[in-house]
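This report is intended for a reader meeting the structure for the first time. Please view the sequence and the model together before reading on.

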Amino acid sequence: MAYKQYILVCGGTACESNRGIALVDALKKEVEENGLINDVQIVRTGCLGFCEKGPIVKILPEDTFYVEVRPEDASEIIQEHIIKGRVVSRLLYDNAQSKGNVAIDGIDFYQKQFRIVLRNCGVIDPDKIDEYIARDGYKGLERVLFEMQPEDVIEELKISGLRGRGGAGFPTGVKWSFAAAQPDGQKYMVCNADEGDPGAYMDRSTLEGDPHSILEAMAIAGYAIGASKGFIYIRAEYPLAIDRLENAIAQATDYGLLGENILGSGFSFTIELRLGAGAFVCGEETALLASIEGKRGMPAPRPPFPAVKGLWGRPTVINNVETLANVPVIMLKGANWFNKIGTATTKGTKVFALTGKVNNSGLIEVPMGTTLREIIFDIGGGIKNGKEFKAAQTGGPSGGMIPPKFLDTPIDYESLTKIGSIMGSGGLIVMDEDDCIPDVAKFYLDFTVDESCGKCAPCRIGGRKLLNYLTKICDGKGTAEDIQNMKDISEAMCRASLCGLGQTASNPVTSSLRYFMDEYIEHIDDKKCRAGKCKNLLRYIIDPHKCVGCTACARVCPVQAIQGERKQAHVIDQELCIKCGQCFEVCKFQAVSRS
Amino acid sequence: MSSETTPVEKVETLTPELIEFIAEWKTKPGNLIMVLHRVQQEFGYIPRKIAFEVADRLDVPLAKIYGVMTFYNFFKLKKPGRNQIQVCMGTACYLKGGEDIIAEIEGILGVGLNTVTPDGEFSVEAVRCIGCCGLAPVMVINGKVYGKVQPQDLHAIIADIKKV
């Protein structure tokens with residue numbers, strides 16, 4: 001590695017789709033043309049996290065951080081930065097510019113982050129096993145195989161306090177111990193990479209940016225529980241992650257880090273991929289196993305738990321991607337290093353996909369116990385366009401809406417449950433004053449109703465009823481009775497549904513009724529949607545005093561609902577109006593108002 | 001697994017590669033979903049005739065195959081347009097106007113969701129989160145991701161694709 005400089009280009013999906021591939025090509029061309037091929041290496045890394053400002057380019061060793069880099073900028077980066085040693089200031093992130101600091105540490109987005117799971121994302125080329133190994137990759141596995149007994153591994157994991165990052169937070173070491181306690185014979189290790197939460201992409205980025213960490217963790221788990229076979233159940237919608245995993249498995253097998261007799265230890269472990277096909281319910285362990293078996297992904301009652309009777313009736317451990325990504329580090333640095341991070345009940349870090357109405361959308365990793373305020377305002381840079389924060393939803397469709405008064409809650413499993421949400425897998429959606437709470441609840445119910453497998457009545461019927469009530473309310477036809485009915489149904493679904501999907505599907509409703517009742521009342525009593533989102537409650541009116549009769553609105557109206565002579569005040573026919581809002585946008589005289 | 005273009009014009013018979021793929025997977029437990037993925041990759045959807053063939057070759061009842069196909073969102077039973085437009089309906093995209101994108105595309109194409117235009121050129125569907133939330137609202141056309149899409153951009157984007 002005799003290169004003088006490294007140009008890291010983010011190869012996460014968001015950056016790649018934003019002409020990131022063309023950017024890599026342009027940089028390579030410039031490097032070649034300027035005879036720098038022995039001095040400068042271009043590395044396509046995994047996700048650097050700052051998706052909002054992609055494509056991201058980082059130059060080492062000086063740690064310069066460029067944002068929104070286009071292929072056309074390649075020449076300037078090479079000519080100015082690489083050859084002349086002058087920072088291209090127009091490509092720096094604003095905040096870094098103002099502080100005169102070009103390094104990543106100076107950027108607000110990264111300051112409060114702490115990376116364990118994403119330790120290699122944006123640092124290594126995910127397609128090269130050597131780069132993973134150079135960052136202590138597979139050392140955890142080596143230590144486990146040669147210095148530890150399977151029970152030591154499980155004990156270490158228990159001491160670390162690691163809990164399942166898929167959402168429920170079950171202690172991972174305990175889960176492993178259940179499967180390990182089963183009599184010898186075929187056992188399976190399954191990685192759940194079927195990230196179904198809409199608005200979340202933590203696992204996608206981990207798999208794309210650091211696929212070997214998951215393979216290493218699965219081998220460690222296989223050793224601990226006595227499984228020789230592993231499956232990664234991954235969404236078919238993630239082609240790049242699938243490619244990188246397939247490549248990583250081939251490389252690891254080639255290096256003797258997977259397959260027969262790993263590193264001469266006598267332990268054998270192989271991994272195969274199985275593709276999901278778009279079913280949110282497969283986040284439920286028993287449904288996921290049914291899907292790997294090639295069946296409809298329907299959940300089964302538990303017990304028996306998969307650790308006792310799982311895939312094809314054999315003991316099976318299922319861990320989520322993020323949970324697994326922690327394991328190699330814990331084995332290498334020790335449980336007592338890990339359990340110093342986080343809160344009393346929840347150790348380590350959490351990766352969030354911070355999205356919605358926040359300035360810096362992206363992928364972040366923070367120590368447990370960080371507050372929502374720090375995440376949304378310090379890391380996320382606050383709300384877009386200076387609007388007011390209304391709510392944050394953690395846990396996706398299974399989670400709850402968190403109002404501003406809980407912004408200072410330190411995040412861990414227990415604290416989020418206490419305020420009516422859940423940790424979930426890591427989606428963190430920020431809503432502002434323009435978002436309508438009943439409408440968002442309706443969006444989530446629409447999703448869960450569509451995804452309900454239909455096996456149990458509370459979820460199948462209850463979800464549909466909730467959705468009907470929410471639709472009624474958003475259409476301005478709700479009654480006070482609907483609220484009580486929604487509360488009753490939510491309670492029943494929560495208590496009587498077979499699996500986690502149904503048990504949590506009502507959370508968006510329950511939490512929003514608890515904290516945003518005033519918005520529901522407004523929709524029902526005043527037929528008003530303060531966010532202007534519920535179209536049936538909207539009315540567009542032209543102020544005759546402001547209207548100059550320019551006819552712009554009449555021309556743009558798709559249904560000819562606006563009448564009026566040139567230079568005379570125009571009028572909207574409310575019967576014909578479809579509330580598309582085009583007149584509102586086109587009017588230069590603020591004569592069209594929306595209420 | 002990525003398919004830049006979906007070759008929907010092929011005659012719908014099992015190709016030698018498909019036959020080989022099915023033979024390779026026949027003895028592996030849990031093969032059905034993997035085989036269906038491969039079929040859809042080939043044809044862009046799962047033709048009924050092929051489903052019969054798969055049933056035959058894997059020795060599973062056709063009812064089971066349809067049970068699986070209809071359970072999962074990913075599998076298509078109808079032939080999509082030559083150009084497939086997928087509009088993301090994840091939460092971030094929804095909040096940032098994904099619905100407006102769909103409405104605009106429907107207007108431009110003159111067909112609703114999950115319907116193919118009469119010339120067979122386009123079909124538009126709402127899809128689950130594709131994991132590009134930082135670019136919301138997002139759509140995918142023939143495997144290419146378009147981020148921060150504005151309704152007013154759509155005419156030009158679709159016109160560009162028509163040209164190709």
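## A helix pair in chain A

Helix α6(A) crosses α10(A) in the left-handed sense (the near helix is turned anticlockwise from the far one by less than a right angle; clockwise would be right-handed). This is a predicted model, in which local features need pLDDT of at least 70 and side-chain atom pairs count only at pLDDT 80 or more, while totals for chains, interfaces and linings use all residues. Residues are numbered from 1 along each chain as its sequence is written, and chains are lettered from A and ligands numbered from 1 in the order in which they are written.

Helix α6 (residues 139-147) of chain A packs against helix α10 (residues 211-225) of chain A at an angle of about 15°, and their axes are 9 Å apart. Axes are lines fitted to C-alpha atoms, for helices over the stretch in contact, with angles from 0 to 180 degrees between N-to-C directions; helices (H or I, at least four residues) and strands (E, at least two) are DSSP runs, numbered from the N terminus. The two helices α6(A) and α10(A) are therefore roughly parallel to each other (angles under 35 degrees). On α6(A) the contact involves A:G140, A:L141, A:V144 and A:L145, and on α10(A) it involves A:E216, A:A219, A:I220 and A:Y223 (C-beta atoms, placed from the backbone, within 7 Å). By class, this contact of α6(A) with α10(A) has six nonpolar, one polar and one charged residues (Ala, Val, Leu, Ile, Met, Phe, Trp, Tyr, Cys and Pro count as nonpolar, Asp, Glu, Lys and Arg as charged, and the others, Gly among them, as polar).

## Domains of chain A

Chain A is divided into domain 1 (5-111), domain 2 (129-338), domain 3 (349-432), domain 4 (437-526) and domain 5 (538-594), with bounds from an automatic or database domain assignment. Between the C-alpha centres of domain 1 and domain 2 of chain A the distance is 33 Å. Five residues from domain 1 of chain A and six residues from domain 2 of chain A form their contact.

## Chain B against chain A

In chain B, 32 residues are in contact with 41 residues of chain A. On this side of chain B, α2 (32-43), α4 (62-71) and α5 (91-95) each supply at least two residues. The side of chain B that touches chain A has 20 nonpolar, 11 polar and one charged residues.

## A sheet in chain B

Four strands form an open sheet in the order β2-β1-β3-β4 (chain B), with mixed pairing (two strands pair if DSSP finds at least two bridges between them). Strands β2 (122-127) and β4 (144-146) of chain B stand at the edges with a single partner strand each, so one side of each is left without a neighbour in the sheet.

How values were computed. Parallel < 35°, antiparallel > 145°, perpendicular 65-115°, else oblique. Contact = placed C-beta atoms within 7 Å.
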